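The structure is shown first, and the terms are defined where they are needed.

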Amino acid sequence: MIKQPAAAAAGLRLRNLMENSAPPPPKGYIHYQHNDACSLSRWNAKESYQFMYEKPWQKVNDFYLDVVNGRRSMSELFEREVRIFTYTVHDGAETIEDCDKPDLMSVRAKDRSGRWARVTFKIRLSYHGSSFDGWQKQPGLNTVQGLIEKSLGKFVDEDKAQMLKEKKLPVDCCVTVAGRTDKGVTALEQFCSFYTWRKDIKTVDIEDAINGVAPGKIRAISVSQVTRDFHPNFSAKWRRYLYIFPFDDENVDDEASQCEKNGLDSDVCHDGRYGELPGVENCGDEIDDYEQTETQTEHKPLSFDVSRVNRLLHHLEGKLLSFRMFARDTKASRNIGPPTECFIFHSRATEAYIRCPKEGTRSRIMCIELVANRFLRKMVRVLVATAIREAAAGADEDALLKLIDATCRRATAPPAPPDGLCLVDVGYAEFDRKNCFIH
């Protein structure tokens, strides 16, 4: 009798086990059971996803692209001037002259010596979110960080450049950012920094290098030399986001278009059942954690009131709360306790209008402004979508506060489209409410 080798025998047993074993049962998802009076009027995950993604987002993308390139301003949405940064140079030290002016923002070259001799540069830049695969550098993807670090590679000091060459790595710079943005999210005033031991670098050379990497999509607004203490993320005291939600009204001056106020199109909603939108079957991470066979009622609301959204959001102001129910894709170690807590300084919504220069018309939009000391991953987009869903369902004004105590993230809506989200600015001084867009 010929004995089989141990490895072959083990492989045979494994193959027999795989052939005889039954396939695992399909994973079942249980939708969060809301028990309030408007539970039957609330959109389920798929309906909420469809309602958000069917809107005319291209006009918002075009507006953000114009703002990034300086052709338009955020002030036109709110009929008031917004805060502008100005830079001046005093005795070789470049400082910021605005409300964000802590002492660490300037440093004299003659005061640096020893281990503090390395030079740190702070970069204020803007970029168009829909043109990139997010901020974070990833292999094979067109990311903002990847392009920035590649463009700054020429400013790497000789020792580091030699080390990278010996390891057969690209000679790229390493930048630190105030906050990573997802794919499709625009930034008007993002802050990042890098350091080098070279002393011959001028700020104008850094601006030119960044502005040449992706003209019209990434723009270096300003570059300043700061102390080694400065950290774009840890030094920041607040972040401000703006979300623009476009309504279906093509032209607010056309009476016929006023008949459709933020509703689902008739070809999408019929007898309470929603048809497929392009790409809905491949919505992936946005709704795959939600039950897809939920019972749909015949009389769900098709519109919402902007003022109700504003009242829902207003209840979050001035509170340190755990927003883990509004986060997505977070690590298990950061799902409980202080890592989930955020302090909301400002949370408001208002109706506005956006001009379409090519058509010579203007369209109705809703603007949501959120300011907090920090935000969790996808928190703003989930908060926006959930606020709209609760407003449409006619929920109580403290509905968002109640959802914070939920036991499952399926209690909140899938994230809103990234096209409407914009990182407006980052603050390094105490928050001042007078600089907000919406009052």
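A residue is called buried at under 20% relative accessible area, exposed at over 50%, and partly exposed in between, with a 1.4 Å probe and protein chains only. Helices (H or I, at least four residues) and strands (E, at least two) are DSSP runs, numbered from the N terminus. The model is predicted: local features need pLDDT of at least 70, side-chain atom pairs count only at pLDDT 80 or more, and totals for chains, interfaces and linings use all residues. Residues are numbered from 1 along each chain as its sequence is written, and side-chain values use heavy atoms, with hydrogens and water left out.

## Overall composition

The chain contains ten helices and 13 strands. Of its 439 residues, 51% count as buried. Accessible areas come from the Shrake-Rupley method with a 1.4 Å probe, and for residues only the protein chains shown count as cover. The accessible surface of the chain is about 22100 Å², and carbon and sulfur atoms account for 50% of it. A contact is defined by heavy atoms within 4.5 Å. Among contacts between residues at least 6 apart in sequence, 77% join residues at least 24 apart.

Helix α5 (residues 144–151) is largely enclosed by the rest of the structure, because seven of its eight residues are buried. The buried residues of α5 are Val144, Gln145, Gly146, Leu147, Ile148, Glu149 and Ser151. Their cover includes β3 (119–127), α7 (203–211) and β6 (218–226).

In helix α8 (residues 306–314), the buried residues are Val306, Val309, Leu312 and Leu313. Viewed down the axis of α8, these buried residues fall within an arc of 115 degrees, so they line one face of the helix. The arc is that of the directions from the helix axis to the C-beta atoms. The packing partners of the buried residues of α8 are β11 (341–356), β12 (361–372), α9 (379–393) and α10 (399–404).

Rolling a probe the size of a water molecule over the atoms shows where empty space is left. On a 1 Å grid over the protein atoms alone, a cavity is a set of points where a 1.4 Å probe fits but cannot get out; a pocket is an open set with protein on both sides within 12 Å along at least five of seven lines, and lining residues have an atom within 4 Å of a point. Grid points are joined across faces, edges and corners, and a volume is the space filled by probe spheres set on the points. In the lining classes, Ala, Val, Leu, Ile, Met, Phe, Trp, Tyr, Cys and Pro count as nonpolar, Asp, Glu, Lys and Arg as charged, and the others, Gly among them, as polar.

By this rule there are two cavities of 30 Å³ or more.

| Space | Volume | Lining by class |
|---|---|---|
| Largest cavity | about 40 Å³ | four nonpolar, one polar and two charged residues |
| Second largest cavity | about 30 Å³ | four nonpolar, one polar and two charged residues |
| Largest pocket | about 1600 Å³ | 20 nonpolar, twelve polar and 14 charged residues |

The lining of the largest cavity consists of Trp238, Arg240, Val371, Phe431, Asp432, Asn435 and Cys436. Around the second largest cavity are Phe155, Val156, Asp157, Lys160, Cys173, Tyr195 and Thr196.

The largest pocket has 46 lining residues, of which Arg180, Asp182, Leu376, Arg377 and Lys378 lie nearest its centre. At least two lining residues come from each of β4 (176–177), β7 (238–246), α9 and β13 (421–427).

## Individual residues

Lys378 lies in the loop between β12 and α9. Although not a glycine, Lys378 has a positive phi of about 60 degrees, and its relative accessible area of 13% makes it buried. Lys168 also has a positive phi of about 60 degrees without being a glycine. Lys168 is in the loop between α6 (158–166) and β4 and is exposed, with a relative accessible area of 76%.

Ile365 belongs to strand β12 and is buried at 0% relative accessibility. Beyond its neighbours within four places in sequence, Ile365 has contacts that include Leu77, Ile244, Phe245, Phe247 and Tyr353. Ile365 and Tyr353 are twelve residues apart along the chain, with 5.5 Å between their C-alpha atoms.

Glu54, in the loop between α2 (45–53) and α3 (58–68), is buried with a relative accessible area of 16%. Glu54 and Asp248 are 194 residues apart in sequence, yet 9.1 Å apart in space, C-alpha to C-alpha.
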